[in-house]
Amino acid sequence: MIKKLFTILLLFTLVLCTGYRKPYRYTIKAEKDAFFHNNVGLNYLQDRVYYAAIQEFKIAISLSPSTQASAIFYNNLGETYNFIGYPDMAKDCFENALQLYGLNFKYYLNMADCYISLGEAQKKINEFRDSNDVYKKIQLGILYIKTGEKRKGINILDEICAEEPDIMITPAIRQYIKETLEAGI
């Protein structure tokens, strides 16, 4: 009798436990997944697995292609390409990062390093010299500093800080000027 009761209770418990199951539905949350893949890419970079890092950054970009956050993903991809010796591929990434979010000073520094690696620094200086666009002037100032004409570059960046004190990038420009001056002209 106890054996029968125990068997019936066991079967009843099994039916209840397995009978009601909520169906599993995976929903893609593009923004969250994009940050996940970017972070995985950063972990691969830390482990020096560059090909896998590049693929993860590309996945992150494809999940969130035209958002402000994608600027971070493009920059990370560009830095990876630059690091492994492909500045031509990095150039497109940095340009995309600047197009999506032009208020991160690090993107301008990376772009300038890329121009120098490609031997395009003087060409870009000539291109940006007569521009009235504040963002091109930022790039011009950095290029002057990185190509050895520090006084010209500092003057241009200082003018930007004076003319545009309210843009978000101004504190980073001031910090860069300060660091450049401390390093010596």
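Is Glu-120 buried or exposed? I began my notebook with this residue. I was working from a predicted model.

**Entry 1: Glu-120**

I found Glu-120 in the loop between H6 and H7. Its relative accessibility is 16%, so Glu-120 counts as buried. The cut-off for buried is under 20%. Next I looked for partners. The side chain of Glu-120 makes a polar contact of 3.0 Å with the side chain of Lys-91. I then left aside the neighbours within four places in sequence. Glu-120 is in contact with Lys-91 and Tyr-115.

**Entry 2: Asn-75**

I moved on to helix H4, where Asn-75 sits. The relative accessible area of Asn-75 is 2%, so this residue is buried. Which residues does Asn-75 touch, not counting those up to four places away in sequence? I noted Phe-94, Ala-97, Lys-106, Tyr-107 and Asn-110. I also checked a distance to Lys-137, which is 62 residues from Asn-75 along the chain. The C-alpha atoms of Asn-75 and Lys-137 are separated by 20 Å.

**Entry 3: the cysteines**

How many disulfides does the structure hold? I counted zero. I wanted the reason, so I looked at Cys-93 and its closest cysteine sulfur. That sulfur belongs to Cys-114 and lies 8.8 Å away, too far for a bond. A disulfide needs the two sulfur atoms within 2.5 Å. I ran the check from the other side too. For Cys-114, the closest cysteine sulfur is in Cys-93, again at 8.8 Å and too far for a bond. I looked up accessibility for both residues. Cys-93 has 6% relative accessibility and counts as buried. Cys-114 has 0% and counts as buried.

**Entry 4: the nonpolar core**

I turned to the largest nonpolar core. How many residues does this core have? I noted 45. Ile-138, Leu-157 and Ile-173 have the most contacts inside it.

**Entry 5: Ile-138**

I ended with one of the core residues that have the most contacts, Ile-138. I left aside its neighbours within four places in sequence. Ile-138 is then in contact with Phe-105, Tyr-108, Leu-157, Ile-160, Ile-169 and Ile-173. Among these partners, Leu-157 and Ile-173 were already in my notes on the core.

Terms used
Residues numbered from 1 in each chain as written. Predicted model: local features only at pLDDT ≥ 70, side-chain atom pairs only at ≥ 80, totals over all residues. Heavy atoms only, no water. Core = buried A, V, L, I, M, F, W, Y, C linked by side-chain atoms within 4.5 Å. Buried < 20%, exposed > 50% of the residue type's maximum accessible area, 1.4 Å probe, protein only. Contact = heavy atoms within 4.5 Å. Helix = DSSP H or I, 4+ residues; strand = E, 2+ residues; numbered from the N terminus. Polar contact = N/O pair within 3.5 Å; in protein donor to acceptor, adjacent residues only side chain to side chain.
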